[in-house]
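Please consider the structure shown below. The paragraphs that follow treat its aromatic rings and then the surroundings of its ligand.

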Amino acid sequence: MFPNHIPNPEDKTAMALTRAAVLENNADLGVVFDTDVDRSGVVDNKGNPINGDKLIALMSAIVLKEHPGTTIVTDARTSMALTKFITDRGGNHCLYRVGYRNVIDKGVHLNEDGIETHLMMETSGHGALKENYFLDDGAYMVVKIIIQMVRMKLEGSDEGIGSLIKDLEEPLESIELRMNIISEPRYAKAKGSEAIEEFRKYIEEGRLQGWELDSCGDCWVSEGCLVDSNESPAAIDARMYRAKVTDEEHGQYGWIHLRQSIHNPNIAVNVQSMVPGGCRSITKSLRDKFLLASGMDKVLDISQIEKYAESS
Ligand SMILES: O=P(O)(O)OC[C@H]1O[C@H](O)[C@H](O)[C@@H](O)[C@@H]1O
């Protein structure tokens, strides 16, 4: 396909062109890799793109058939629906820090602690399996998918691989915004870290009503699993916290995740909501009750937040 699109399973054009090729050729599967083949995405025989959360769900469905009850580690940008998908199949979902190394290392440590963890995947398409020596390996993921696809065909099913995730709901709303750190480059990391810690403090002090630092069972998204007795954790490369957002009417209807970008002097804000307008109201609260209230708007360029909060 190259050079028709950039090699990236998160890229809409890459997925759309692969979808078109699958439909045109009546193919069983389309595959998208990044340049070094550690990230992957696929397209099923009906042309449905399977990347991000959907790829994690597909791999979870396959791995949970082979290893019932296994723990699956992902980064904390996955949907509430993915957690439900995994737990409905008897799995345990460990939400962890963004960055594929963090996600894979967490799986290694959980296994060392006797918590059987067969799959570690990031929404970016990075993924590793215990059986493949925890290697970050997109090609191995796709081989597993092809084997499952052939198995289904041999069993007489023409439904295609996408049928394994047909009950995965999609978040109604999902956004990512960025706030540049206003600072000389050499101070940007420290300022970013300060902003994220302030965010945590505001939530812990209950200044954002209905917001609570997110956990999954015994795990804290920010710190990793409490059961993890790893004595020499890697230095924290970027600070990040996810908060679940609830109200009386809906219970938990969304979450917000703030983190220092791994590559750039900015803060990434991810928000998901299961109710209409939820992302906007969460963004407004972030602006009014945290960024403006704490004075962090002087340290961060909040123009994207303003624009989204005021859009209709
Ligand atoms: O922090 P960002 O710029 O959004 O990048 C985040 C990404 O950084 C790297 O590319 C890592 O390989 C990914 O695992 C991670 O998801």
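Phe199 is buried, with a relative accessible area of 0%; buried means under 20% relative accessible area, calculated with a 1.4 Å probe and protein chains only. Trp211 also counts as buried, at 7% relative accessibility. The model is predicted, so local features need pLDDT of at least 70 and side-chain atom pairs pLDDT 80 or more, while totals for chains, interfaces and linings use all residues. Residues are numbered from 1 along each chain as its sequence is written, and side-chain values use heavy atoms, without hydrogens and water.

The structure holds 3 aromatic pairs, that is, rings of Phe, Tyr or Trp (its six-membered ring) whose centres lie within 6.5 Å. One of them joins Phe199 and Trp211, with 6.5 Å from centre to centre and 65 degrees between the planes. This pair is edge-to-face, a term for planes over 60 degrees apart. Phe199 belongs to helix α6 (residues 185–204) and Trp211 to strand β9 (residues 211–213); helices (H or I, at least four residues) and strands (E, at least two) are DSSP runs.

Tyr202 and Phe290 are likewise edge-to-face, because their ring centres are 5.3 Å apart and their planes stand at 75 degrees. Since Tyr202 lies in helix α6 and Phe290 in helix α7 (residues 278–294), the pair ties together parts 88 residues apart in sequence. Ring pairs link Phe199, Tyr202, Trp211 and Phe290 into a cluster.

At the ligand, an oxygen atom is 2.8 Å from an N or O atom in the side chain of Arg178.

Note on methods. Polar contact = N/O pair within 3.5 Å; in protein donor to acceptor, adjacent residues only side chain to side chain. Phe/Tyr/Trp six-rings, centres within 6.5 Å; stacked < 30°, edge-to-face > 60°. Buried < 20%, exposed > 50% of the residue type's maximum accessible area, 1.4 Å probe, protein only.
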